[in-house]
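Biologist: Hello! Could you walk me through the charged pairs here, one step at a time?

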Amino acid sequence: RFNRASLINVGFLESGNDTDYIAMHDVDLLPLNEELDYSFPATGPFHVASPELHPLYHYSTYVGGILLLTKQHYRMCNGMSNRFWGWGREDDEFYRRIKGAGLQLFRPSGITSGYKTFQHLHDPAWRKRDQKRIASQKQ
């Protein structure tokens, strides 16, 4: 089964000391607006794919899709939980880690393309998402 969080944790570790920040970027979310900012998130975690712009997820605690963090901020969150197998929930838990670390979350402003800011490339007829829950993952 797929474990997105563990892959992001491995990417963080493999990046070594050669990088200052990481981009947690879903492969099925393509940015369509050139005004999106992928620069160094000095002030805190920067959620590029904010709920106001993402074509599917519009809840205020959503931090999935595309999130930029300094390596220091990622360490402060103790990375992501490896307990989430299949699709979903790991981002929601990571939001709690961001808040628990006392970090402020920043999001784009001045982007006028709304829900057309990204193209979400997922066809459930072609590739079903593994949504089986293990034990108490929802809690």
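Predicted model: local features only at pLDDT ≥ 70, side-chain atom pairs only at ≥ 80, totals over all residues.

Biologist: Which parts does the pair of Arg4 and Glu90 tie together?

Modeller: The two side chains form a salt bridge, with 3.2 Å from N to O. Arg4 belongs to helix H1 (residues 4-14) and Glu90 to helix H3 (residues 90-100). The pair therefore links parts 86 residues apart in sequence, namely helix H1 and helix H3.

Biologist: How far apart in sequence are the parts that Asp91 and Arg4 tie together?

Modeller: Asp91 and Arg4 also meet through their side chains in a salt bridge, at 2.6 Å from N to O. Asp91 is buried because its relative accessibility is 11%. Since Asp91 sits in helix H3 and Arg4 in helix H1, the separation in sequence is 87 residues.

Biologist: Which helix holds both Glu93 and Arg97?

Modeller: Their side chains make a salt bridge of 2.9 Å, N to O. The two residues are four apart, about one turn of the helix, and that helix is H3.

Biologist: Which residues do salt bridges with shared partners join into one network?

Modeller: Arg4 pairs with Glu90, and Arg4 also pairs with Asp91. Through shared partners, the salt bridges form one network of Arg4, Asp26, Glu90 and Asp91.

Biologist: And how many salt bridges does the count come to?

Modeller: The cut-off is a side-chain nitrogen of Lys or Arg within 4 Å of a carboxyl oxygen of Asp or Glu. The pair of Glu93 and Arg97 is one of those that qualify. By this rule, the number of salt bridges is four.

Technical notes: Residues numbered from 1 in each chain as written. Heavy atoms only, no water. Buried < 20%, exposed > 50% of the residue type's maximum accessible area, 1.4 Å probe, protein only.
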